[in-house]
Amino acid sequence: MEKFIIGNWKMNGTQSLIKTMVESLHKTIEQNSPNAQVVICPPFPYLGLLQKTIEGTAVKAGAQNVYYELSGAYTGEISVNMLTEWGSTYCIIGHSERRSYFGETDELVQKKAVVLLENNITPVICVGETLDQRESGAHEATVVGQLTKALDGISASDLARCIIAYEPVWAIGTGKTASDEQANDMHKVARGKLAELTDESTAKNIPILYGGSVNAKNAASLLSQSDIDGSLVGGASLKPDDFCTIVTSAP
Ligand code: PEP
């Protein structure tokens, strides 16, 4: 399966980084034909520029959030129609930073997933346990619970159009990466839940990405694990050389 390498810029970046990043990625993709679909998710104000800059390249655009209503009095929010107008074909939802700083719940994530699917934007649904949950042995139940609620009521054929990102909260932006085995084991747990909600062969084809301090050095071994179908990259997605190395690490 083609891997997905998705860069989450969070509240970082500039117009000039959009241009240098796309240029570097375009060159890397032309020269190496990596086995990866590359997506950049910058802050909303850069999406229009990103749409123009990626024209004629294989790079795709994504957003970091969306609201589930289509329009109206929701000051500060962004609708799925706006993402479509900006050429975004992917959207991250349920990132742990949105859950912890902005109160995003599994129920809200579910509503966002539904509206994205209805509008043909691929939801990148983030799940993952905190350090306390891992240390108390609740990591598997936490992730299964998040998936159960976030995917509630979504049909098997719609589920087949989703991307899941497993991001242990203790590994995000901390420099602590889950070991290859820890990550792969959790991906198997998530895939088991997806198989329950769909069937074995559908679940096999739903990309499950790992996120949490992925960098130019650890990407190759993480990406070669049996159940790791790509990575959601934060910090290293702001550095063109490092991000391009991660892209070419896809086996
Ligand atoms: C993320 O933001 O999804 C992430 C995984 O961040 P980092 O790579 O910086 O840990």
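This is a predicted model: local features need pLDDT of at least 70, side-chain atom pairs count only at pLDDT 80 or more; totals for chains, interfaces and linings use all residues.

Visitor: Let's start with the fold. What makes the sheet a barrel, and how many strands does the barrel have?

Guide: Eight strands pair in parallel in the order 1-2-3-4-5-6-7-8, and the barrel they form is closed. Neighbouring strands of this sheet are turned by 25 degrees against each other on average, direction ignored.

Visitor: How do you know that strand 7 and strand 8 pair?

Guide: Pairing takes at least two bridges. Strand 7 (residues 208-211) and strand 8 (residues 230-233) have two bridges, in the parallel sense, so they count as a pair. Gly 211, for one, has Leu 232 in strand 8 as its bridge partner.

Visitor: And what packs on the sheet?

Guide: Helix 7 (residues 139-150) does, touching strand 5 (122-127) and strand 6 (163-166), and its direction makes about 145 degrees with that of strand 5. Helix 12 (residues 240-248) packs there too: it touches strand 1 (3-8), strand 2 (36-41) and strand 8, at about 160 degrees to the direction of strand 1.

Visitor: Back to bridges. What joins strand 3 to strand 4?

Guide: Strand 3 (residues 60-63) pairs with strand 4 in the parallel sense over three bridges. Gly 62 stands opposite Tyr 90 of strand 4. Moving on, strand 4 and strand 5 run parallel and are joined by four bridges, with Ile 93 partnered by Ile 125 in strand 5. Four bridges also link strand 5 to the parallel strand 6, where Ala 165 is opposite Cys 126.

Visitor: Why is strand 5 called covered?

Guide: Six of its six residues are buried. On one side sit Thr 122, Val 124 and Cys 126, on the other Pro 123, Ile 125 and Val 127, and all of these are buried, so both faces of strand 5 are covered. Strand 4 (residues 88-93) is mostly covered as well, with five of its six residues buried.

Visitor: Why is Gln 225 called buried?

Guide: The cut-off is under 20% relative accessible area. Gln 225 comes out at 18%, so it counts as buried. Gln 225 is in the loop between helix 11 (219-223) and strand 8. Leaving out residues up to four places away in sequence, Gln 225 touches Asp 180 and Asn 184.

Visitor: How do you know that Cys 91 is in no disulfide?

Guide: A disulfide needs two cysteine sulfur atoms within 2.5 Å. For Cys 91, the nearest cysteine sulfur is that of Cys 41, 7.7 Å away, so there is no disulfide here. At 0% relative accessibility, Cys 91 is buried. Cys 244 has no disulfide either, as the nearest cysteine sulfur, again that of Cys 41, is 16 Å away. Cys 244 is buried too, at 9% relative accessible area, because the cut-off is under 20%. A search of the whole structure gives zero disulfides.

Visitor: Last one: which residues lie nearest the centre of the largest pocket?

Guide: Lys 10, Met 11, Gln 64, Arg 98 and Phe 102 do, out of a lining of 13 residues. Helix 4 (residues 96-102) gives the most to that lining, with three residues. The volume of the largest pocket is about 370 Å³.

Notes. Residues are numbered from 1 along each chain as its sequence is written. Side-chain values use heavy atoms; hydrogens and water are left out. Axes are lines fitted to C-alpha atoms, for helices over the stretch in contact, and angles run from 0 to 180 degrees between N-to-C directions. Contact means heavy atoms within 4.5 Å. Buried means under 20% relative accessible area, exposed over 50%, partly exposed in between (1.4 Å probe, protein chains only). On a 1 Å grid over the protein atoms alone, a cavity is a set of points where a 1.4 Å probe fits but cannot get out, and a pocket is an open set with protein on both sides within 12 Å along at least five of seven lines; lining residues have an atom within 4 Å of a point. Grid points are joined across faces, edges and corners, and a volume is the space filled by probe spheres set on the points.
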